[in-house]
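Work through the exercises below with the sequence and the coordinates open. Each task is followed by its solution in steps.

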Amino acid sequence: MFSGNHKISSRQLYRNYATAFISLGALLGPLVMNRESLGSILLALVFTGLFLGTSAAVPRPGGNLMKWLCYANYWVLGTMLIRLTGVLVQNFLLTGTALWILLGWFYLFCYYNLYKGLECRLRVSEILFPFFLLLFLLLTGLMYGETEIRRIGELQISFGREQWLMGYELFCWMGAIQSLWHLRGRTGSTAWFKRTVLYIWLTGCLAVAGFALFSYCIYGNKGNTGLIYPVASAMTLAHFPGNVIGRLDALFIFAWMIGLFLLCSSLFAPLTDGEPDVGKKCLLFVLMVLSFGAACLPECMEWGQKLLYQILTPLQLLILLIQWIKGGKGRRKAVAAGCAALCILTNGCSSQELEQQSLVTAIGVDAGEDGNYHLTFGFGSSSEEDGEEPFETECRSIGEAKETYREYEQKNMDFNHLKNFYFSQEIIDEEGFLDFLQEIQINGAYSRGTLVHVTEGSAGEEAEKKEQTEEGMPIHRVLNAWYNQESCEISVITADGRYKGYVIWP
């Protein structure tokens, strides 16, 4: 590879993007742990393969408008992935460190890597790729004996509407490797580029499927998070049950950081469109400062997801089809138009479904009558805008309460934004508390990063509060303590609303 003629070798191109796809596979893999969701990840891999295959066959966008629409997609994806990286580091490596400090450190080295140009970026991947891959193989080997291979037989393949929608969302995240389209024409030949793209896709398929099956063999049907973005999936994967090695989570996060660093560098790199000159470096600096500001905002993920799912990804598909139509005739144009219509219809269905959701942010569980529990559901900002009040009912489980809510409100409860569980102190030592834990571990709707609290007063009153605490014991640590028959500390909320002390459970 020579930076002077803007050419890169197929080997280094493969190493850079294969590493990125492996890193995405480690993050997205746990989403398949629910036995019914296998179809979603298969669809996402197929969508990604079709996109990559088409992008390898057609020229990259030449017009400035279409190029910058693609760059906007890469900028949003890069910003979201850097925030995910910062959250992972903050939760597992440098706890207590301000997120903006971690993000600033990450952006500094990303910019330095991009400042040096394409050659430096791919040389970094050439050095880190073998270490990155062998580290994951080492971690997999160290988990030998903790898995149950027979669980693979429990998986079910279905392609219902939910699987198609989740497959589309996963494809939007896997689309982070789409930036290799803008390196088309910079390899030795077009044939080598097409072959390299195929190898990248095959490697990514093996990585995604491998991590999915690996995590499923450990958790079975218990570990799926069903989140709209995969950060808590990474947290779940980082906390395997079983004392295999100390600080397994730190090793996983370190390995993810390598892959995500290369991936984010590849996403921001097209903003300079080749080897950067002084003007492009200044523009890149401004865009990365704006990205840093956006990544520091808690709303970054919510805004980014809406843009990614509803606007930017459909635009990417439309641009790809336009490039395809330019060089095609007759039947090819008809097929392209049909695909475009299918994409528009799919995106419309997803948007319509979101209007029927109530975003649950907190659940309070108090003792009820006749063996039931008094459940209180607090709702998020989207529901507050509609004037929706907290929902209370007496049921034996959260699932039963969800069905009751559907009968009264004609809407579904969405647990993707659930932040806190509140359990009154009188029920945590009862058998019913274990029933709730069992429901949480089996149901894929609950994030493993959701916080757990014990209340001396009413748990329902805490769930009704508009402002929710950001600190507490994550549910995955409570589940791990249960799995391993160990004890854990759960934070206590006093009767007057103070966060003071802990209880040892069990």
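**Exercise 1: aromatic rings**

Phe421 and Phe423 are both buried, where buried means under 20% relative accessible area, exposed over 50% and partly exposed in between (1.4 Å probe, protein chains only). The model is predicted, so to speak of local features pLDDT of at least 70 is needed, side-chain atom pairs count only at pLDDT 80 or more, and totals for chains, interfaces and linings use all residues. Residues are numbered from 1 along each chain as its sequence is written, and side-chain values use heavy atoms, with hydrogens and water left out.

Task: classify the ring pairs Phe421 with Phe423 and Phe423 with Phe433.

Solution.
- Step 1. Rings of Phe, Tyr and Trp (its six-membered ring) pair if their centres lie within 6.5 Å; planes under 30 degrees apart are stacked, over 60 edge-to-face and the rest tilted.
- Step 2. By this rule there are 18 aromatic pairs.
- Step 3. For Phe421 and Phe423 the centres are 6.1 Å apart and the planes 25 degrees apart, a stacked pair.
- Step 4. For Phe423 and Phe433 the values are 4.8 Å and 90 degrees, an edge-to-face pair.
- Step 5. This second pair links distant parts of the chain, 10 residues apart: Phe423 lies in strand S5 (residues 420–424) and Phe433 in helix H15 (residues 431–442). Helices (H or I, at least four residues) and strands (E, at least two) are DSSP runs, numbered from the N terminus.
- Step 6. One aromatic cluster is formed by Tyr373, Phe421, Phe423, Phe433, Phe436 and Trp505.

**Exercise 2: a helix pair**

Task: describe how helix H2 (residues 38–57) packs with helix H11 (residues 300–326).

Solution.
- Step 1. The axes of H2 and H11 are 10 Å apart, at an angle of about 40 degrees. Axes are lines fitted to C-alpha atoms, for helices over the stretch in contact, and angles run from 0 to 180 degrees between N-to-C directions.
- Step 2. H2 is therefore oblique to H11, given that angles under 35 degrees count as roughly parallel, over 145 as roughly antiparallel, 65 to 115 as roughly perpendicular and the rest as oblique.
- Step 3. Phe51, Thr54 and Ser55 of H2 meet Gln316, Leu317, Leu320 and Trp324 of H11, contact meaning heavy atoms within 4.5 Å.

**Exercise 3: a loop residue**

Task: is Ile177 buried or exposed?

Solution.
- Step 1. Ile177 lies in the loop between helix H6 (161–174) and helix H7 (190–219).
- Step 2. Its relative accessible area is 0%, so Ile177 is buried.
- Step 3. Leaving out residues up to four places away in sequence, Ile177 touches residues including Tyr17, Phe21, Leu52 and Ile200.
- Step 4. The C-alpha atoms of Ile177 and Ile200 are separated by 9.5 Å.
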